[in-house]
Amino acid sequence: MSKRAKINQINDLLQEKGKSDLLISDEESIMMTDLVGVLRPFKVAIKMFEKEKEPTIQHVLPQFYTLKKHVAPRPGATFSSPIAKLRALLDEQLTVKYLPNIADRHKVGAFLWPMCAELPFLPEDEREQRAVMLRRGLLDEPGSPGKRRRTRRARALSDEEQYADILGENMNAEALDEVDKYLLIVRTTGKNVKFKDLLKWWKERSSDLPIHSRVVRVVLATPASSSASERNFSVAGRLITPRRNMPCSRVSRCYAIFI
């Protein structure tokens, strides 16, 4: 059913109940349609972040740029309109609340998704600069050889000496070479890897990209949102209640496993 048909149905019900003063006008109908159009991408992003059985961290950085582009001012739009004010408010909130929470791990997660490996959502002049930063972030992630070696020598070396020492290690040279190899594989085999197939894609290439594969196990296991785990804890909190307080510990453990 279209939005217009739904609005007509609501108006018909209001007419039947004698509440004609609450009828939705054509102007209000247009505004409601525009409002739904503005907010729908945010709903899509939230659903992506809340998935439980698929990697989600790789969506954080691309969705930021997608939403920023979506709420950007439209040519010819007047700021006095409510929808334009809403777009401006959402744009401000993305910058103030969303952007500061994007960490290096989110950027590495986006890089490890073949569809975003070349950072297509960034302006062209920013891609190379961000690619260099992502290479460095990849070496700093837990599971990479650079991170383990840095941890061992952290007490003996300053930050500058640590980084120089890391770049001089053969294993880190291999990691940087593997970045180029990964990008070559992405370009030659295609980027159309759905996020639900992401872990399978990396499993099939673990022998070709062993260092990346170790980092993937850590990075892609990080959820983009804590809402899924909070829901599970909420369900677990209802297992033992004043009216259900006699299950033995074995039964309680079984409940917890199947949440």
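# Exercises on a predicted model

Leaving aside its neighbours within four places in sequence, H59 is in contact with M48, F49, W113 and F195. Keep in mind that this is a predicted model. Let's work through it together.

## Exercise 1: the setting of H59

## Exercise 2: helix 2 against helix 3

Work out how helix 2 and helix 3 are oriented, and which classes of residue make up their contact.

Step 1. The two axes come within 10 Å and cross at roughly 175°.

Step 2. Angles over 145 degrees count as roughly antiparallel, so helix 2 is roughly antiparallel to helix 3.

Step 3. Sort them by class: the contact has nine nonpolar and three polar residues, and no charged ones.

## Exercise 3: aromatic pairs

How many aromatic pairs are there? Classify F64 with Y65, then W201 with W202.

Step 1. The count is seven aromatic pairs.

Step 2. For F64 and Y65, the centres are 5.2 Å apart and the planes stand at 80°, an edge-to-face pair. F64 is buried, at 4% relative accessible area.

Step 3. For W201 and W202, the ring centres are 5.1 Å apart and the planes are at 80°. Planes over 60 degrees apart count as edge-to-face, so this pair is edge-to-face too.

Step 4. W201 is buried at 7% relative accessibility, and W202 is buried at 3%.

## Exercise 4: salt bridges

How many salt bridges does a search of the whole structure find? Describe three of them, starting with K68 and D91.

Step 1. The search finds four salt bridges. As a reminder, side chains of opposite charge can pair when their charged atoms come close.

Step 2. In the bridge between K68 and D91, the closest N and O atoms are 2.9 Å apart. K68 is in helix 3 and D91 in helix 4 (residues 82-98), so distant parts of the chain, 23 residues apart, are linked. K68 is partly exposed at 22%, and D91 is partly exposed at 24%.

Step 3. D104 and K107 also form a salt bridge, with the closest N and O atoms 3.9 Å apart. Both lie in helix 5 (residues 104-111), three residues apart, about one turn of the helix. D104 is partly exposed at 46%, whereas K107 is buried at 14%.

Step 4. R187 and E118 meet at 2.6 Å, N to O. R187 lies in helix 9 (residues 170-189) and E118 in the loop between helix 5 and helix 6 (124-140), so their bridge ties together parts 69 residues apart in sequence. R187 is partly exposed at 49%, and E118 is partly exposed at 26%.

Definitions and conventions
Residues are numbered from 1 along each chain as its sequence is written. This is a predicted model: local features need pLDDT of at least 70, side-chain atom pairs count only at pLDDT 80 or more; totals for chains, interfaces and linings use all residues. Side-chain values use heavy atoms; hydrogens and water are left out. Rings of Phe, Tyr and Trp (its six-membered ring) pair if their centres lie within 6.5 Å; planes under 30 degrees apart count as stacked, over 60 as edge-to-face and the rest as tilted. Buried means under 20% relative accessible area, exposed over 50%, partly exposed in between (1.4 Å probe, protein chains only). Contact means heavy atoms within 4.5 Å. A salt bridge is a side-chain nitrogen of Lys or Arg within 4 Å of a carboxyl oxygen of Asp or Glu. Helices (H or I, at least four residues) and strands (E, at least two) are DSSP runs, numbered from the N terminus. Axes are lines fitted to C-alpha atoms, for helices over the stretch in contact, and angles run from 0 to 180 degrees between N-to-C directions. Angles under 35 degrees count as roughly parallel, over 145 as roughly antiparallel, 65 to 115 as roughly perpendicular and the rest as oblique. Ala, Val, Leu, Ile, Met, Phe, Trp, Tyr, Cys and Pro count as nonpolar, Asp, Glu, Lys and Arg as charged, and the others, Gly among them, as polar.
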